[in-house]
Amino acid sequence: MKIRINPFDEKSIAEALKVVQQYKRDFAAKEREFIERLAEIGASVAFTGFEVADYDGDKGDIDVWVEWQGNKALVMAEGEKIGFLEFGTGVRYPEWNGSGSDYTPPKHGTYGKGRGANPKGWYFTPGEGASQHTYGNPPAYAMLTARDEMVARITQIAREVWR
């Protein structure tokens, strides 16, 4: 953006200020669109990750949404089994391999009473049914995958919004 100003002409200075203020408004709108698009991608990836996650019991209701806090968008997830789905349960599943992230989740099976640390598995009773044996569930990493997808798409989305 080029702005030419005649420092001795009030109208020239006023016009330059109008141009800068409009640029500032346009930039803020594009910034909001950029964040919104990334957050929508994150919410979609997280929701899909939770939906397709392997889980022995009933996953219950899972809700994934975008929450705005000022100019920040947070991808949020809620559900009774979210922690079990995201991080997995039991010792029969591989430890997290890093996947390019600096986040390290807790070791599988270390939650609650530690039943997931038993290499022979454990029993649970789903609702009113008979007791079932399980070795646990693999981690879905739905939120971690969502974050990684948003990071991977930053440049693409920025180019689309600011072109």
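A residue is called buried when its relative accessible area is under 20%, exposed when it is over 50%, and partly exposed in between. Glutamate 149, at 29% relative accessibility, therefore counts as partly exposed. Keep in mind that what you're looking at is a predicted model.

**Charged pairs**

Side chains of opposite charge can pair when their charged atoms come close. How many salt bridges does a search of the whole structure find? It turns up four.

| Salt bridge | N to O distance |
|---|---|
| Arginine 32 and glutamate 36 | 3.7 Å |
| Arginine 37 and glutamate 160 | 2.3 Å |
| Glutamate 149 and arginine 153 | 3.6 Å |

Let's start with arginine 37 and glutamate 160, whose closest N and O atoms are 2.3 Å apart. This pair links distant parts of the chain, since arginine 37 belongs to helix H1 and glutamate 160 to helix H3, 123 residues apart. Arginine 37 has a relative accessible area of 27%, so this residue is partly exposed. Glutamate 160 is partly exposed too, with a relative accessible area of 27%.

Arginine 32 and glutamate 36 are both in helix H1, four residues apart, or about one turn of the helix. Arginine 32 is partly exposed at 38% relative accessibility, and glutamate 36 is partly exposed at 32%. Over in helix H3, glutamate 149 and arginine 153 are also four residues apart, again about one turn. Arginine 153 is partly exposed because its relative accessible area is 24%.

**The inside**

In soluble globular proteins, nonpolar side chains tend to be buried together. Here, the largest nonpolar core has 20 residues, and those touching the most other members include Phe34, Phe50 and Ile157. Elements giving two or more residues to this core are H1, helix H2 (82–87) and helix H3 (142–162). Which of them gives the largest share? That's H1, with eight residues.

Zoom in on isoleucine 157. Apart from neighbours within four places in sequence, isoleucine 157 is in contact with Phe34, Arg37, Leu38 and Ile41.

**Rings**

A pair of aromatic rings is described by the distance of the centres and the angle of the planes. This structure holds three aromatic pairs. One of them joins tyrosine 23 and phenylalanine 27, which are tilted, with 6.4 Å centre to centre and 35° between the planes. Both residues lie in helix H1, four residues apart. Tyrosine 23 is partly exposed at 44%, and phenylalanine 27 is partly exposed at 38%.

Another tilted pair is phenylalanine 34 with tryptophan 162, at 5.4 Å centre to centre and 55° between the planes. Phenylalanine 34 is in helix H1 and tryptophan 162 in helix H3, so this pair ties together parts that are 128 residues apart in sequence. Is phenylalanine 34 buried or exposed? Phenylalanine 34 is buried, with a relative accessible area of 15%. Tryptophan 162, by contrast, is partly exposed at 32% relative accessibility. Tyr23, Phe27, Phe34 and Trp162 together make one aromatic cluster.

**The surface**

Terms used. Residues are numbered from 1 along each chain as its sequence is written. This is a predicted model: local features need pLDDT of at least 70, side-chain atom pairs count only at pLDDT 80 or more; totals for chains, interfaces and linings use all residues. Side-chain values use heavy atoms; hydrogens and water are left out. A nonpolar core is a set of buried Ala, Val, Leu, Ile, Met, Phe, Trp, Tyr and Cys residues joined through side-chain atoms within 4.5 Å. Buried means under 20% relative accessible area, exposed over 50%, partly exposed in between (1.4 Å probe, protein chains only). Contact means heavy atoms within 4.5 Å. A salt bridge is a side-chain nitrogen of Lys or Arg within 4 Å of a carboxyl oxygen of Asp or Glu. Rings of Phe, Tyr and Trp (its six-membered ring) pair if their centres lie within 6.5 Å; planes under 30 degrees apart count as stacked, over 60 as edge-to-face and the rest as tilted.
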